[in-house]
Amino acid sequence: MKYLLIIQMNPATWESLSEEERTAIAEGQSGFMDTITATGELVGTHALADPSQSAVVQGRPGAFTVTDGPFAEAKEYMGGFYVVDCENVERAHELAAMIPGTDRLPIEVRPVIFTAGYGLEEQAGG
């Protein structure tokens with residue numbers, strides 16, 4: 001079963017960390033990726049830019065508007081995510097707890113109910 005491990009970023013929390021703590025969290029991601037790659041559980045991961053760099057598009061082709069900024073104002077935002085494939089939700093929780101920084105930045109664990117594209121389609125019979 002695939003799960004999305006969503007890293008919830010809170011700018012106030014991030015800024016309250018020392019430079020050493022922020023570096024340890026950022027650099028620790030590589031070790032986490034190595035670990036779950038070795039177990040075969042990593043499907044993919046992406047880090048996302050700050051919401052101030054986003055745009056919101058509404059409408060339809062030929063008749064849409066684009067506005068600056070995030071869809072909604074919030075204290076926290078999705079800073080990045082891992083897609084993992086593991087045997088059950090308990091294992092997904094264990095993996096989420098292994099992500100560096102979870103003592104300060106919460107991780108949302110959400111089941112993936114549909115996958116397509118990027119060669120990630122479910123294989124027949126599994």
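Author: Let's start with a word we'll need soon: contact means heavy atoms within 4.5 Å. This is a predicted model, where local features need pLDDT of at least 70 and side-chain atom pairs count only at pLDDT 80 or more, while totals for chains, interfaces and linings use all residues. Residues are numbered from 1 along each chain as its sequence is written, and side-chain values use heavy atoms, with hydrogens and water left out.

Reader: Okay, then what does isoleucine 107 touch?

Author: Leaving out residues up to four places away in sequence, isoleucine 107 touches Leu5, Ile6, Ile7, Ala96, Ile99 and Thr102. They count as touching because they have heavy atoms inside the contact limit. Take Ile7: isoleucine 107 is 100 residues from it in sequence, yet their C-alpha atoms are 4.8 Å apart.

Reader: Where does isoleucine 107 sit?

Author: In strand β6. Strands here are DSSP runs of E with at least two residues, helices are runs of H or I with at least four, and both are numbered from the N terminus.

Reader: What makes β2 and β6 edge strands?

Author: Look at the order first: the open sheet has four strands, β2-β5-β1-β6, paired antiparallel. β2 (42-47) and β6 (107-111) each have a single partner strand, so one side of each has no neighbour in the sheet. Neighbouring strands in this sheet are turned by 20° against each other on average, direction ignored.

Reader: How do you know that β2 and β5 are paired?

Author: Two strands pair if DSSP finds at least two bridges between them. β2 and β5 (residues 77-85) have five and run antiparallel, so they qualify. Alanine 47, for one, stands opposite glycine 80 in β5.

Reader: What packs on that sheet?

Author: Helix α2 (residues 19-38) does, touching β1 (2-9), β2 and β5, with its direction at about 20° to that of β5. Helix α3 (residues 89-98) packs there too, on β1, β5 and β6, at about 35° to β1. Those angles run from 0 to 180 degrees between N-to-C directions, along axes fitted to C-alpha atoms, for helices over the stretch in contact.

Reader: What makes glutamate 19 and arginine 22 a salt bridge?

Author: The rule asks for a side-chain nitrogen of Lys or Arg within 4 Å of a carboxyl oxygen of Asp or Glu. In this pair the closest N and O atoms are 2.8 Å apart, so the pair passes. The two residues are three apart in helix α2, which means about one helical turn between them. The structure holds five salt bridges.
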